[in-house]
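Hello,

Here is the structure I promised to pass on. Please open it first, then read my notes below.

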Amino acid sequence: MKELLRFRFATFSCELFAQIQQLTAYNFLMQNFIAGAASGIIARTLTSPLDVVKILCQIGAPETTHGLFRSFVNVYRSSGLKGFWKGNLIACLRLVPYNGLLFSFYHKLKVMWCEPSTGQLSSPKSFTAGALAGIGSSLLLYPLGTRAL
């Protein structure tokens, strides 16, 4: 009798856990999408000055002929503080869906592949999940990047 009660409780617990997982799967997906989008916006905005100077160096702009530090000074003199964030809004709009999907895909793969005993991924599985998440995000959003606005 005791074992039957334990079995029924274990079965009930597993069924209840599965139902809770189904109800909260959408919430986790949205949380991961929003976290990915927010991290992309923050990272892009914080590194925008470096990106602006890098692009100016790549195209051989006159502001960049005297070294890296002088490049920052020259950009500030020619465009002001706003010059360091040229094109940031468009770049952020492109990153929002990409990073959101990337985080969501990675989380879904992590949940599917985690070790039941530890709840963690092995290094090869983590690498594969990250690679597949990046590939999936790129494949879904590639057509949007090729369309002319």
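First, a definition: a residue is buried under 20% relative accessible area, exposed over 50%, and partly exposed in between (1.4 Å probe, protein chains only). Take Tyr76: with a relative accessible area of 48%, Tyr76 is partly exposed.

Now the ground rules. This is a predicted model, so local features need pLDDT of at least 70, side-chain atom pairs count only at pLDDT 80 or more, and totals for chains, interfaces and linings use all residues. Residues are numbered from 1 along each chain as its sequence is written, and side-chain values use heavy atoms, with hydrogens and water left out.

Confidence

pLDDT is the predictor's confidence in each residue, from 0 to 100. The chain averages 81, and 79% of the residues score at least 70. Residues 4–10 fall below 50. Beyond near neighbours in sequence, that stretch has zero contacts in the model. Contact here means heavy atoms within 4.5 Å.

The core

Which residues make up the largest nonpolar core? There are six: Val52, Val53, Leu56, Ala61, Val75 and Phe84. Helix 1 (residues 2–59) gives the largest share, three residues. A nonpolar core is a set of buried Ala, Val, Leu, Ile, Met, Phe, Trp, Tyr and Cys residues joined through side-chain atoms within 4.5 Å. Helices (H or I, at least four residues) are DSSP runs, numbered from the N terminus. Look at Val75 in particular. Leaving aside neighbours within four places in sequence, Val75 is in contact with Val53, Leu56, Gly80, Gly83 and Phe84.

Salt bridges

The structure holds three salt bridges. Each is a side-chain nitrogen of Lys or Arg within 4 Å of a carboxyl oxygen of Asp or Glu.

- Arg44 pairs with Asp51, and their closest N and O atoms are 3.4 Å apart. Arg44 is buried, at 13% relative accessibility. Asp51 is partly exposed, at 21%.
- Asp51 also pairs with Lys54, at 3.1 Å from N to O. The two are three residues apart in helix 1, so about one helical turn separates them. Lys54 is partly exposed, at 42% relative accessibility.
- Lys125 pairs with Glu115, at 3.1 Å from N to O. Lys125 lies in helix 4 (residues 123–146), and Glu115 in the loop between helix 3 (88–113) and helix 4, so the pair ties together parts that are 10 residues apart in sequence. Lys125 is partly exposed at 31% relative accessibility, and Glu115 is partly exposed at 30%.

Arg44, Asp51 and Lys54 are linked in a network of salt bridges.

The surface

Back to Tyr76, which sits in helix 2 (residues 68–79). Tyr76, Leu81 and Trp85 form a nonpolar patch on the surface, with about 330 Å² of accessible area together. Such areas come from the Shrake-Rupley method with a 1.4 Å probe; for residues, only the protein chains shown count as cover. Patches are made of residues with over 30% relative accessible area and no salt bridge: like charges are joined within 9 Å, nonpolar side chains (Val, Leu, Ile, Met, Phe, Trp, Tyr) within 5 Å.

Is Tyr142 buried or exposed? Tyr142 is exposed, with a relative accessible area of 58%. Tyr142 is found in helix 4. Tyr142 and Tyr98 are 44 residues apart in sequence, and 9.7 Å apart in space, C-alpha to C-alpha.

Best wishes
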